[in-house]
Structure formats: structure tokens, C-alpha cells
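Student: Can you walk me through this one? I have not seen it before.

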Amino acid sequence: MALLVAIYARYSSVLQDACSIEDQIRLCRAYAESKGWEVAAVYIDKEMSGQSAARPDYQRMLRDSKAGAFDIVLAEAIDRLS
């Protein structure tokens with residue numbers, strides 16, 4: 001059985017390109033596919049700083065994780081999570 005993966009993508013300010021989200025997701029999907037993993041969910045926070053965990057989709061991802069909705073979280077870079 002393939003691992004179930006959650007993808008998390010974020011950019012932090014209006015000064016950044018919103019296309020960054022699509023690029024992050026595309027890279028994560030390609031990586032998951034190369035490993036034979038199944039993408040179970042995608043979580044996105046736009047214009048949200050990583051300094052705070054009070055990001056709506058980040059919090060939803062944590063709740064879904066506790067509920068066992070996926071096995072691992074995949075992000076384009078660690079700074080997308082923190």
C-alpha cells in the first residue's frame with residue numbers, strides 16, 4: 001500500500017509571486033509520484049508568515065494528521081512549514 005501524503009505550500013507576503021504556490025505543489029506532486037506515494041490532500045496558506053502557527057490550512061493539516069488522514073507531510077522546503 002502506498003504512503004498517503006499531504007502537501008503543504010505557503011508564501012509569506014503580497015510581494016511574493018502567487019505562482020509560487022503552484023510551483024511548490026507541482027514539485028511536491030512530482031516527488032510523491034517518483035516515490036509511488038499517493039497525494040491525499042493539499043494544504044495552502046497564501047500571504048501567511050511562517051513565524052506563527054496560526055495559519056488556517058496549517059491548523060487544518062494538523063487536525064487531519066491527528067485524525068490519521070495521511071502518513072507524511074511533504075513541502076518544497078522546510079521553511080514552508082516553519
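Tutor: We can go from the whole chain to single residues. This is a predicted model, where local features need pLDDT of at least 70, side-chain atom pairs count only at pLDDT 80 or more, and totals for chains, interfaces and linings use all residues. Residues are numbered from 1 along each chain as its sequence is written, and side-chain values use heavy atoms, with hydrogens and water left out.

Student: OK, which elements does the chain have, and in what order from the N terminus?

Tutor: The order is β-α-β-α-β, from two helices and three strands. Helices (H or I, at least four residues) and strands (E, at least two) are DSSP runs, numbered from the N terminus.

Student: And what is the radius of gyration?

Tutor: The chain has 12 Å, which agrees with the value near 12 Å for a compact globule with 82 residues. The radius is taken over C-alpha atoms, and the globule rule is 2.2 Å times the number of residues to the power 0.38. Along the principal axes, the C-alpha atoms fill a box of roughly 40 × 25 × 15 Å.

Student: How much of the chain is buried?

Tutor: Buried residues are 29% of the 82. Buried means under 20% relative accessible area, exposed over 50%, and partly exposed in between, with a 1.4 Å probe and protein chains only.

Student: What share of the contacts is between residues 24 or more positions apart?

Tutor: Among contacts with a separation of 6 or more, that share is 66%. A contact means heavy atoms within 4.5 Å.

Student: Switching to helix H2. Which of its residues are buried?

Tutor: In H2, residues 56-66, the buried ones are Asp57, Tyr58 and Met61. They are on the same side of H2, because they cover an arc of only 105° around the axis. That arc is of the directions from the helix axis to the C-beta atoms.

Student: What do they pack against?

Tutor: The buried residues of H2 pack against strand E1 (4-10), strand E2 (38-45) and strand E3 (72-75).

Student: And which residues are exposed on the other side?

Tutor: Pro56, Arg63 and Lys66 are exposed there. After H2 comes glycine 68, with a positive phi near 80°.

Student: Back to Tyr58. What does tyrosine 58 touch?

Tutor: Not counting residues up to four places away in sequence, tyrosine 58 touches Tyr8, Asp45, Ala53 and Leu81. Its relative accessible area is 16%, so tyrosine 58 is buried. Tyrosine 43 is 15 residues from tyrosine 58 in sequence, and their C-alpha atoms are 6.9 Å apart.

Student: What about glutamine 24, buried or exposed?

Tutor: Glutamine 24 counts as buried, at 4% relative accessibility. Glutamine 24 is in helix H1, residues 19-35. Leaving out residues up to four places away in sequence, glutamine 24 touches Tyr8, Ala9, Arg10, Glu76 and Arg80.

Student: Where is tyrosine 11?

Tutor: Tyrosine 11 is in the loop between E1 and H1, and is buried, with a relative accessible area of 5%. Aspartate 57 is 46 residues from tyrosine 11 along the chain, with 12 Å between their C-alpha atoms.

Student: Last one: what is alanine 2 in contact with?

Tutor: Apart from neighbours within four places in sequence, alanine 2 is in contact with Gly36, Trp37, Glu38 and Asp71. Alanine 2 is in the segment before E1 and is partly exposed, at 31% relative accessible area.
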